[in-house]
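Visitor: I would like to learn how to read a structure like this one. Please take me through it feature by feature.

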Amino acid sequence: MRIERSAILSVLVLLALGLAGCGGGGGGGDGDGGDGDNGAVLPPTISSVEAVATRNGVAAGSTSGGTPITNRGVALTGVTELLVGGASASFQVISDIVIQATTPPGSEAVTYVRVTNAGGTDVLVDSFAYR
């Protein structure tokens, strides 16, 4: 059986085009930091919130806001929203495992921190104390 050279080249080109989106970065094959499953993005997981001050072992800050906090977890690179007690906080993604944020004003209470990306949302309850 003889295979034409043009047929082989055509197959190689088609293979190359089909595989072009499979190389890439950050945990996924498509370069989006996802899990490599057709562009799926992993949901974020927040595991700790840290501040200079603590109250009963919980990161703490003023009810007037402005407290710098460090949020640690995984799949944080694509986070688009960070809430402290339901209010939006300004934040900067440092890496896939660290986000620096500044707390918004809030009422005196122990509350949650919530992060959201294209893959979903995670909440760490009782992780920040307004005082």
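Visitor: Are Phe 128 and Tyr 130 buried or exposed?

Guide: Buried means under 20% relative accessible area, exposed means over 50%, and partly exposed lies in between (1.4 Å probe, protein chains only). Here, both Phe 128 and Tyr 130 are buried. Keep in mind that this is a predicted model: local features need pLDDT of at least 70, side-chain atom pairs count only at pLDDT 80 or more, and totals for chains, interfaces and linings use all residues. Residues are numbered from 1 along each chain as its sequence is written, and side-chain values use heavy atoms, with hydrogens and water left out.

Visitor: How many aromatic pairs does the structure hold?

Guide: Rings of Phe, Tyr and Trp (its six-membered ring) pair if their centres lie within 6.5 Å; planes under 30 degrees apart count as stacked, over 60 as edge-to-face and the rest as tilted. The structure holds one such pair. Its members are Phe 128 and Tyr 130, with ring centres 5.0 Å apart and planes at 80°, so the pair is edge-to-face.

Visitor: How many salt bridges does a search of the whole structure find?

Guide: A salt bridge is a side-chain nitrogen of Lys or Arg within 4 Å of a carboxyl oxygen of Asp or Glu. The search finds two. In one, the side chains of Arg 72 and Glu 50 meet at 2.9 Å, N to O. That pair links distant parts of the chain: Arg 72 is in strand E4 (residues 68–74) and Glu 50 in strand E1 (residues 45–50), 22 residues apart. Strands (E, at least two residues) and helices (H or I, at least four) are DSSP runs, numbered from the N terminus. Arg 72 is partly exposed, with a relative accessible area of 34%. Glu 50 is partly exposed too, at 33%.

Visitor: Which side chains meet at 3.0 Å, N to O?

Guide: Those of Glu 81 and Arg 114. This pair also links distant parts of the chain, with Glu 81 in strand E5 (residues 81–84) and Arg 114 in strand E9 (residues 109–117), 33 residues apart. Glu 81 counts as partly exposed at 27% relative accessibility. Arg 114 is partly exposed, at 25%.

Visitor: Now the sheets. What is the order of the four strands in the open sheet?

Guide: Two strands pair if DSSP finds at least two bridges between them. The order is E1-E4-E8-E7, and the pairing is antiparallel. E1 and strand E7 (90–95) stand at the edges with a single partner strand each, so one side of each is left without a neighbour in the sheet. The twist averages 25° from one strand to the next; axes are lines fitted to C-alpha atoms, for helices over the stretch in contact, and angles run from 0 to 180 degrees between N-to-C directions. Five bridges join E4 to strand E8 (residues 98–102). Asn 71 stands opposite Ile 99 in E8.

Visitor: What order has the open sheet of six strands?

Guide: E2-E3-E10-E9-E5-E6, with mixed pairing. Strand E2 (53–55) and E6 are the edges, each with a single partner strand, so one side of each lacks a neighbour in the sheet. E5 and E9 run antiparallel, joined by four bridges. Leu 82 stands opposite Val 115 in E9.

Visitor: What do E5 and E6 form?

Guide: A hairpin, with two residues between them. Gly 85 in the turn has a positive phi of about 60°. E5 pairs with strand E6 (residues 87–88) in the antiparallel sense over two bridges, and Leu 83 stands opposite Ser 88 in E6.
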